[in-house]
Amino acid sequence: MITGGTDGIGKGLGLHYLGHGNRVVVVGNDPDKGRRFLEEAQATGSGERAAYIQADLSLVAENRRVIAEIAQSHPVVNALVLAARYYRSTRSETAEGIEQNFALFYLSRYLFSHGLADRLEAGEQPVILNLAGPGGDLSAMNWDDLQFTRDYRPDRIMAQCGKLSDLAGVGFTAAHPSTRIRYVLAHPGLTATGFTGDYNEADASLVAGMHDRGQPVDAAVDMLRRHLDNPDPEPLSAYMQHTKIDVGGAPFDPAAARRLANITQTMLSQH
């Protein structure tokens with residue numbers, strides 16, 4: 001199960017596991033990309049094991065719809081890859097009144113992790129792979145204004161998104177203390193993906209340079225699949241490329257994770 005699975009690393013992982021005999025369900029917002037994913041799967045002889053669900057995962061209601069659909073049709077989920085992202089140079093809110101980055105990069109990942117936990121528990125070697133930027137300082141959390149209604153800056157948003165994922169991982173393992181699920185936070189390094197987003201001129205120029213310097217998607221897939229095939233034994237682990245990060249340190253503070261979980265539960269109760 002891959003959110004953001006019709007493009008970039010998510011798509012690369014999907015096609016890799018289709019090629020190894022797995023069933024793969026990808027979720028994405030662009031029907032054309034979904035169609036191309038299914039066509040590529042068909043061309044490699046794995047079309048009957050590939051599925052695409054169209055959804056805008058920046059919307060809480062859409063996340064809940066897809067989770068319910070997956071839970072109904074798939075009693076077992078062996079792996080959940082959280083890869084959906086969309087960069088925005090300027091602040092934007094969803095139709096539900098939530099800042100877009102907070103909604104897509106964090107709330108969607110929170111909802112999928114907890115919403116499919118029971119299906120993952122039924123898996124043979126269940127793992128959640130959250131593609132983020134683990135290990136940053138907690139000062140990146142803008143606690144007084146998590147949705148950046150004031151002083152919106154994309155660099156600060158991206159730094160906070162990394163911390164939101166870190167704390168989501170800590171919070172998940174705390175909420176499921178006896179789980180068999182392994183939760184992995186991982187960043188494979190700069191990769192030449194589609195860098196989907198809505199960019200101003202300066203950001204577009206920066207992203208073009210990043211694309212030129214980035215490693216091929218296949219290299220990122222090779223790095224990440226080890227976390228899906230043979231995850232570390234501890235409930236939560238984190239990696240920046242090949243370097244393992246200590247998840248017992250200050251950046252993964254349990255009190256901060258509880259604070260975020262409480263905020264999240266209150267917010268979701270209103271949607």
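Guide: Two strands pair if DSSP finds at least two bridges between them; helices (H or I, at least four residues) and strands (E, at least two) are DSSP runs, numbered from the N terminus. This is a predicted model, in which local features need pLDDT of at least 70 and side-chain atom pairs count only at pLDDT 80 or more, while totals for chains, interfaces and linings use all residues. Residues are numbered from 1 along each chain as its sequence is written, and side-chain values use heavy atoms, with hydrogens and water left out.

Visitor: What makes β9 and β10 a pair?
Guide: Three bridges join β9 to β10 (residues 243–245), and the definition asks for at least two, so the strands pair. They run antiparallel, and A238 has I245 in β10 as its bridge partner.

Visitor: In which sense do β7 and β9 pair, and over how many bridges?
Guide: β7 (residues 182–187) pairs with β9 in the parallel sense, over five bridges. One of the bridge partners is Y239 in β9, which faces A186.

Visitor: Why is β9 called mostly covered?
Guide: Four of the five residues of β9 (residues 236–240) are buried, that is, under 20% relative accessible area, where exposed means over 50% and partly exposed lies in between (1.4 Å probe, protein chains only).

Visitor: Why is Q241 called partly exposed?
Guide: Its relative accessibility is 43%, so Q241 counts as partly exposed. Q241 lies in the loop between β9 and β10, a hairpin with two residues between the strands.

Visitor: Where does D151 lie, and why is it called partly exposed?
Guide: D151 is in the loop between β6 (127–131) and α6 (154–175). At 47% relative accessibility, D151 therefore counts as partly exposed. D151 also has a positive phi, of about 55°, without being a glycine.

Visitor: How many residues line the second largest pocket, and how do they divide?
Guide: A pocket is an open set of points on a 1 Å grid over the protein atoms alone, where a 1.4 Å probe fits, with protein on both sides within 12 Å along at least five of seven lines; lining residues have an atom within 4 Å of a point. This pocket is lined by 21 residues, with M1, N22, R23, N78 and A79 nearest its centre. α1 gives the largest share of the lining, three residues. The lining divides into 13 nonpolar, five polar and three charged residues, where Ala, Val, Leu, Ile, Met, Phe, Trp, Tyr, Cys and Pro count as nonpolar, Asp, Glu, Lys and Arg as charged, and the others, Gly among them, as polar.
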